[in-house]
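Trainee: I am new to this structure and would like to go through it by question and answer. May we begin with the chain as a whole and then turn to one pair of helices?

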Amino acid sequence: MTKHAPQPISIFDPRIMRPALLDSFKKLDPRTLWRNPVMFAVEISSSITLITFIMSLTGKSHEPAWFTGLVSLWLWLTVLFATFAEALAEGRGKARAASLRKTRTEVKAKRLKRAEFGSPYEIVGANELRKDDCILVETHDMIAGDGDVVAGAALVNEAAVTGESAPVVRESGGDRSAVTGGTEVLASSIIVRITANPGETFLDRMISLIEGAKRRKTPNEIALEVLLIALTFVFLLVVANMSPLSIYSVKAAGQGTPVSLTVLVALFVCLAPTTIAALLPAIGIAGMDRLFQKNVIALSGRAIEAAGDVNVLLLDKTGTITLGNREAVAFVPVGGHTEQELAEAVLTASLSDETPEGRSIVTLAKQKYSQKLEVLPADAENIAFSPDTRLSGVNLGGKQYRKGAADSVVAFVGNLGGNIPKDLAGKVDEIARAGSTPLVVSCDTEVLGVVNLKDILKGGIQERFQQLRSMGIKTVMITGDNPLTAAAIAAEAQVDDFLAQAKPEDKLRLIRENQEAGYMVAMTGDGTNDAPALAQADVAVAMNTGTQSAKEAANIIDLDSNPTKLLDIVEIGKQILMTRGNLTTFSISNDIAKYFAIIPAAIISIYPQLNALNVMRLASPYSAILSAVIFNAVIIPLLIPLALKGTKYRPMPAQKLLIYNLLIYGVGGIIAPFVGIKGIDLAIGLFV
């Protein structure tokens with residue numbers, strides 16, 4: 001068995017670089033760039049300097065043409081570097097989407113007249129299928145669309161979607177009935193009810209989301225953008241007032257020249273938060289791409305950011321903390337009944353049960369107790385399991401066979417006027433305390449015994465919960481088991497708390513209580529009964545092996561169906577927030593060095609005393625301004641790898657993390673421009 005999660009794609013891969021470079025020029029279109037207001041303002045500024053350059057060439061400006069020309073060139077490069085950063089991030093997504101498109105082939109489907117084996121069918125193209133159509137999928141057939149298995153069971157190869165080469169079982173009933181279009185049936189036959197129209201399948205959504213075509217700005221991203229626009233507007237007002245101020249100062253001092261339009265534009269661009277504005281779109285897109293590398297699909301950027309702030313994690317036990325398929329390991333009779341009596345009754349109650357647990361009961365009854373019943377008579381009435389009654393069974397020959405939770409069966413038998421064996425409670429408690437699930441069996445007014453259903457924990461689950469705990473996240477296990485069983489499994493899995501005998505409304509109530517207390521709640525689940533709670537949670541992670549309704553209610557889907565993957569989701573969410581904050585700090589800190597470079601150079605002819613502020617000892621006013629403009633441009637491509645990779649998350653208290661990042665990106669943001677601008681000034685001095 002092998003698994004190949006999507007590998008990181010290098011930003012230097014020519015397959016990404018070339019299209020990204022072409023797209024970066026296309027993004028210079030004002031109709032596209034206006035969505036990034038700060039960079040749109042820089043593009044306008046670049047156009048103004050282009051005009052001043054033309055004026056210098058025609059002798060209508062007193063500034064040298066080489067100076068206005070280079071300033072204009074580097075301002076345009078500033079905008080181009082910004083669009084290139086976004087195009088590069090999108091390019092990685094497009095490369096992944098292209099690989100997914102290759103997995104799609106034109107599939108033919110056998111559309112059934114009726115949803116049953118043996119029914120006549122017609123051959124149609126996958127694009128002709130519509131929601132609620134039923135199709136027959138046989139050995140080596142490709143599944144033509146997303147759907148639920150309504151009959152049969154089969155081995156399915158889902159490598160095209162999950163990267164997992166080992167086939168998985170997909171069967172009707174239970175929480176493993178969902179199938180994805182483009183996967184292949186390796187053995188047996190199933191009937192699938194289509195749940196998505198063409199263009200709306202899971203694979204289509206994956207491609208669209210990975211490409212970024214439907215990426216919307218998150219609330220935090222919008223808030224930061226508002227701040228950047230406000231800062232840009234403030235700097236625009238400051239620069240706009242410098243022109244009349246410099247004209248007045250020339251008249252008052254009787255020397256010097258007013259600050260030119262080229263210098264004012266250069267000052268505005270250098271003081272505006274161009275670095276973070278240029279990298280902001282790339283940070284969000286790259287975050288979703290890093291998540292995809294973990295085999296996780298986020299249906300919105302909002303969900304990833306919310307994951308970074310999660311306080312409480314609700315975990316469904318079955319299929320999440322445990323492997324999901326509980327196995328019947330023993331029949332325990334009570335009230336003087338024999339194991340054979342119990343085996344016969346529970347086999348009758350379970351023959352129509354399509355769940356893995358029901359099938360394991362049938363297997364145990366036949367293998368250990370030599371039960372021969374294969375098919376229920378035609379007059380048998382099947383009683384399906386309900387989360388409310390927590391019972392299932394069959395009515396046959398005037399008898400009512402039931403199996404289910406202990407309290408539910410006791411209540412059912414009591415309502416019929418039956419007596420409860422004295423040793424039942426002891427047997428139930430004994431099984432529950434061992435961490436197994438007791439399933440009580442009855443026939444009419446008689447309780448016959450208990451089935452021991454064994455839960456198996458997923459490997460490494462305790463270690464992952466310890467990591468979540470160190471990050472300040474409380475884990476709560478949710479299960480329909482009785483409190484004794486739930487407590488035993490919770491202790492073994494090392495979760496912080498548990499909710500036993502949980503019904504769908506109990507899950508909803510628990511989520512709402514935590515949200516009202518101010519906590520961000522995340523939940524993982526895979527069953528239909530998880531769907532309402534998933535829809536309510538701030539971060540809802542559905543397992544890809546789960547039902548269609550669970551995946552539709554979620555905002556994140558884990559292709560590996562590993563619920564502990566939430567740790568990776570949380571880290572990536574924190575990475576995005578930290579990267580955005582760190583680069584914002586770095587961008588604003590940069591301005592200090594630019595003050596010392598541009599402001600003295602702009603008005604030194606009026607006030608020679610301001611030469612004392614030239615702490616970097618820049619060669620000339622023209623060289624100082626040009627050095628600041630060049631540094632402001634080149635820092636963007638230098639930070640692109642950091643924006644795409646994200647700053648490393650370190651599990652530590654928030655206060656220590658804040659101080660650490662301020663020292664690196666705040667102090668670093670102050671020092672780096674002094675070094676960079678001086679270096680560029682020395683390089684310019686070699687040519688000018």
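Trainee: What percentage of the residues in the protein chain is buried?

Mentor: The model is a predicted one. A residue counts as buried when its relative accessible area is under 20%. Of the 688 residues in the protein chain, the buried share is 53%.

Trainee: How many helices and strands does the protein chain have, and why is it described as more spread out than a compact globule?

Mentor: The secondary structure comprises 24 helices and 21 strands. For 688 residues the globule rule gives 26 Å, and the chain is well over this, so it is more spread out than a compact globule; its radius of gyration is 33 Å.

Trainee: What are the rough dimensions of the box that the C-alpha atoms fill?

Mentor: The box is taken along the principal axes of the protein chain. Its dimensions are roughly 115 × 55 × 35 Å.

Trainee: Which word describes how helix 3 and helix 9 lie to each other?

Mentor: Helix 3 covers residues 37-57 and helix 9 covers residues 274-293; their axes are 8 Å apart, at an angle of about 120°. Angles of 65 to 115 degrees count as roughly perpendicular and those over 145 as roughly antiparallel. The two helices are therefore oblique.

Trainee: Which residues make the contact between helix 3 and helix 9, and how many of them are nonpolar?

Mentor: Helix 3 contributes Val38, Met39 and Val42, while helix 9 contributes Thr274, Ala277 and Ala278. Among the residues of this contact, none is charged and one is polar; the number of nonpolar residues is five.

Technical notes
Residues are numbered from 1 along each chain as its sequence is written. This is a predicted model: local features need pLDDT of at least 70, side-chain atom pairs count only at pLDDT 80 or more; totals for chains, interfaces and linings use all residues. Side-chain values use heavy atoms; hydrogens and water are left out. Axes are lines fitted to C-alpha atoms, for helices over the stretch in contact, and angles run from 0 to 180 degrees between N-to-C directions. Helices (H or I, at least four residues) and strands (E, at least two) are DSSP runs, numbered from the N terminus. Angles under 35 degrees count as roughly parallel, over 145 as roughly antiparallel, 65 to 115 as roughly perpendicular and the rest as oblique. Contact means heavy atoms within 4.5 Å. Ala, Val, Leu, Ile, Met, Phe, Trp, Tyr, Cys and Pro count as nonpolar, Asp, Glu, Lys and Arg as charged, and the others, Gly among them, as polar. The radius of gyration is taken over C-alpha atoms; the globule rule is 2.2 Å times the number of residues to the power 0.38. Buried means under 20% relative accessible area, exposed over 50%, partly exposed in between (1.4 Å probe, protein chains only).
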